[in-house]
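Work through the exercises below with the structure open beside you. Try each task before you read its solution.

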Amino acid sequence: MTGDAGIVLVDAGVGPAGGEAAEWLGVAGRLPRLLEMAGVGVGEIDAVVLTHVHLDHVGWSAEGELPRFPNAEYVVQRDELEHVRGGTTYERMIRPIVDAGQLRVVDGETRLRGMRLVPTPGHTPGHQSVVTERAVLGGDVLVHPAQARWPELTYVYERDPALAVTSRREVLAMAAELGVPIAAAHPHAALSADARPVVSAGDGLTVCPPYKL
């Protein structure tokens, strides 16, 4: 997403081949290539919003001991930071950001560069979704289209399944009220609030152009 408020990246993907998330998922991330296709350099990104700190969402956050995006503030909910602090993913992907002074910690609903960051806990304690005029970027608040029809469906990686169900219902209601799709990380296509795939004119192989705020 881009505009007068700068360029904002939501989540930092799976990471490179050989990385922990790539080994776990059996697929390497494509984020650097997609950014290149969109004409966006790593130094042009002004903010990186992390919906949560799981390996497949922070895989390109850092490169060795330095943040991968040198001019960006990385934004995470305080509850999420406390949840992961001291763990392996924190040490590898978050500590370099902290040491560089680029981590911004927020508490609860927050306005950021024309968007709203909304807590949607359950998958993790500090999971957040990003609300724009065109979509709700839901991270892992839903991981399968069936959960849009039956939000009570839970899965093994939810830290608090009951709270995750509440967050799903709130996101579905929000998307319906705003009349925008839900773009979650794992379903192949964006979803309407009643679980229908959102039809796109693209072929699925081209990069989505940056959203002008």
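**Exercise 1. The whole chain**

Find how many helices and strands the protein chain has, and what share of its residues count as buried.

Solution. Start with the source: this is a predicted model. Next, count the elements. The protein chain has 6 helices and 11 strands. Then turn to burial. The chain has 213 residues, and 45% of them count as buried.

**Exercise 2. The order of a sheet**

In the open sheet of 4 strands, what is the strand order? Which strands stand at the edges?

Solution. Step one is the order. Read across the sheet: β1-β2-β5-β6, with parallel pairing. Step two is the edges. β1 and β6 (103–106) each have a single partner strand, so one side of each has no neighbour in the sheet.

**Exercise 3. Strand β5 and its partners**

How many bridges join β2 to β5, and how many join β5 to β6?

Solution. Recall the rule: strands of a sheet pair through backbone hydrogen bonds, either parallel or antiparallel. Take β2 to begin with. It is joined to β5 by 3 bridges, and the two run parallel. Val-49 has Val-75 in β5 as its bridge partner. Now move to the other side. Here 4 bridges join β5 to β6, and these strands also run parallel. Val-76 stands opposite Val-105 in β6. Gln-77 faces Val-106 in β6. Finally, check the cover. β5 is mostly covered, with 4 of its 5 residues buried.

**Exercise 4. The largest nonpolar core**

Which residues have the most contacts inside the largest nonpolar core? Which element gives the most to this core?

Solution. Begin with the general idea: in soluble globular proteins, nonpolar side chains tend to be buried together. Now the case at hand. The largest nonpolar core has 23 residues, and Ile-45, Val-48, Phe-69 and Ile-94 have the most contacts inside it. Next, list the elements that give two or more residues to this core. They are β1 (7–10), α2, β2, β5 (73–77), α3 (78–84) and α4. α4 gives the most, with 4 residues. Another core lies apart from this one; it has 13 residues, including Val-131 and Val-171.

Then zoom in on Ile-45. Leave out residues up to four places away in sequence. Ile-45 touches Ile-7, Leu-9, Leu-35, Val-40, Phe-69, Asn-71 and Ala-72.

**Exercise 5. Buried or partly exposed?**

Solution. You need one cut-off: buried means under 20% relative accessible area, exposed means over 50%, and partly exposed lies in between.

- Thr-89 sits in helix α4 (residues 88–99). Beyond four places in sequence, it contacts Val-53, Leu-55, Val-58 and Ile-94.
- Val-42 is in the loop between α2 (31–37) and β2 (45–49). Beyond four places in sequence, Val-42 contacts Arg-68, Phe-69 and Pro-70. Its C-alpha atom is separated by 8.3 Å from that of Pro-32, 10 residues apart along the chain.
- Thr-124 lies in the loop between β8 (115–119) and β9 (128–131). Beyond four places in sequence, Thr-124 touches His-52, His-54, Glu-80, His-83 and Arg-159.

**Exercise 6. Positive phi**

What is the phi of Asp-11, and what is the phi of Arg-113? Where does each lie?

Solution. Asp-11 is not a glycine, yet its phi is positive, about 70 degrees. Asp-11 lies in the loop between β1 and α1 (20–25). At 10% relative accessibility, Asp-11 is buried. Arg-113 is not a glycine either, and its positive phi is about 50 degrees. Arg-113 is in the loop between β7 (110–112) and β8. At 29% relative accessibility, Arg-113 is partly exposed.

How values were computed. Residues numbered from 1 in each chain as written. Predicted model: local features only at pLDDT ≥ 70, side-chain atom pairs only at ≥ 80, totals over all residues. Heavy atoms only, no water. Contact = heavy atoms within 4.5 Å. Core = buried A, V, L, I, M, F, W, Y, C linked by side-chain atoms within 4.5 Å. Buried < 20%, exposed > 50% of the residue type's maximum accessible area, 1.4 Å probe, protein only. Pairing = 2+ DSSP bridges.
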